[in-house]
Amino acid sequence: MSIRLDHIALSYGSRTLLDNVSATFEQGQLTALIGRNGTGKSTLLRAMAGLGAASAGNIELCGRPLATLTPHERATTVGFVTTDRVRIANLACEDVVALGRAPYTNWIGRMQEADRAIVERSLELVGMSGFARKTMDRMSDGECQRVMIARVLAQDTPVILLDEPTAFLDLPNRYTLATLLRRLAREERKCILFSTHDLDIALSLCDSVALIDTPSLHHLPADAMARSGLIERLFSGENACFDPETRTIRLR
Ligand SMILES: Nc1ncnc2c1ncn2[C@@H]1O[C@H](COP(=O)(O)OP(=O)(O)OP(=O)(O)O)[C@@H](O)[C@H]1O
């Protein structure tokens, strides 16, 4: 397995987000992490990326405790795309994506032919080849987001975590990205976990869905999650409710 959460707890001060959570995420699988606003999706992803500590329990990546990985081992094991609006004004997109190769380049950071080919392919996979020489200060939020996703693809790690990667994307690009992530998980045997508020994408394109039900986490195959009753309970409100038949939100 690629990610193992072993009785973890996450909290800020006296506020507990998750408690006693155990789950495993396998290689070759695409998992959506869902939950209401403020339930801890970003905090959990950051903890799995080694950017924040769990207040209890252990996290293992590819069979090794995350806490024992050196920075270089971590950089070659897990890639993370945050929700931050990253705009590196003076770097061309291909140079931003090339940063993903940093863990593999030699001590002066020189890119080899193979590294360049990976950068090119990563830009191509997210449909941004035409932007290779453009700088990010003249691009839309969605275009920048796709470049940051290309950077994590270039990092070529067995575990990829993405925090709301579809947030700035238009509808066709949301589905294109989720389909690309599913293909990468299956064909390149990666373990990919991303947070999203797109229930439809989570339930129709992902292998499994992890749902934060404070302070628990339910992790089920997507079909089982749709039928579990958990989504109706957590996502239905005064004006809208989840319809498990169509797997969509409808107005009351
Ligand atoms: N650095 C911090 N210090 C204290 N509290 C924080 C910090 N970061 C986040 N929180 C709080 O922790 C809770 C979980 O935040 P988090 O960003 O993980 O939620 P989320 O599920 O990703 O939310 P959203 O769907 O709105 O993006 C929120 O209530 C937030 O206010």
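Modeller: Of the 252 residues in the protein, 38% are buried, where buried asks for 20 or more other C-beta atoms within 10 Å of a residue's own, exposed for 12 or fewer, and partly exposed for a count in between, with C-beta atoms placed from the backbone. This is a predicted model, in which local features need pLDDT of at least 70 and side-chain atom pairs count only at pLDDT 80 or more, while totals for chains, interfaces and linings use all residues. Residues are numbered from 1 along each chain as its sequence is written.

The protein has nine helices and twelve strands, these being DSSP runs numbered from the N terminus, with helices (H or I) of at least four residues and strands (E) of at least two. Its radius of gyration is 18 Å, close to the 18 Å that the globule rule gives for 252 residues, so the protein is as compact as a globular protein of that length; the radius is taken over C-alpha atoms, and the rule is 2.2 Å times the number of residues to the power 0.38. Taken along the principal axes, the C-alpha atoms fill a box of roughly 55 × 40 × 35 Å.

Within H4, the residues Ile-118, Val-119, Ser-122 and Leu-123 are buried. Seen down the axis of H4, these buried residues fall within an arc of 135 degrees, so they line one face of the helix, the arc being that of the directions from the helix axis to the C-beta atoms. In general, an α-helix has 3.6 residues a turn, so residues three or four places apart point the same way.

The face of H4 turned away from its buried side carries Glu-113, Ala-114 and Ala-117, which are exposed. As for what covers the buried residues of H4, the cover includes helix H3 (93-98) and helix H5 (141-155), judged by contact, for which the C-beta atoms of two residues, placed from the backbone, must lie within 7 Å. Just after H4, Gly-127 takes a positive phi of about 70 degrees.
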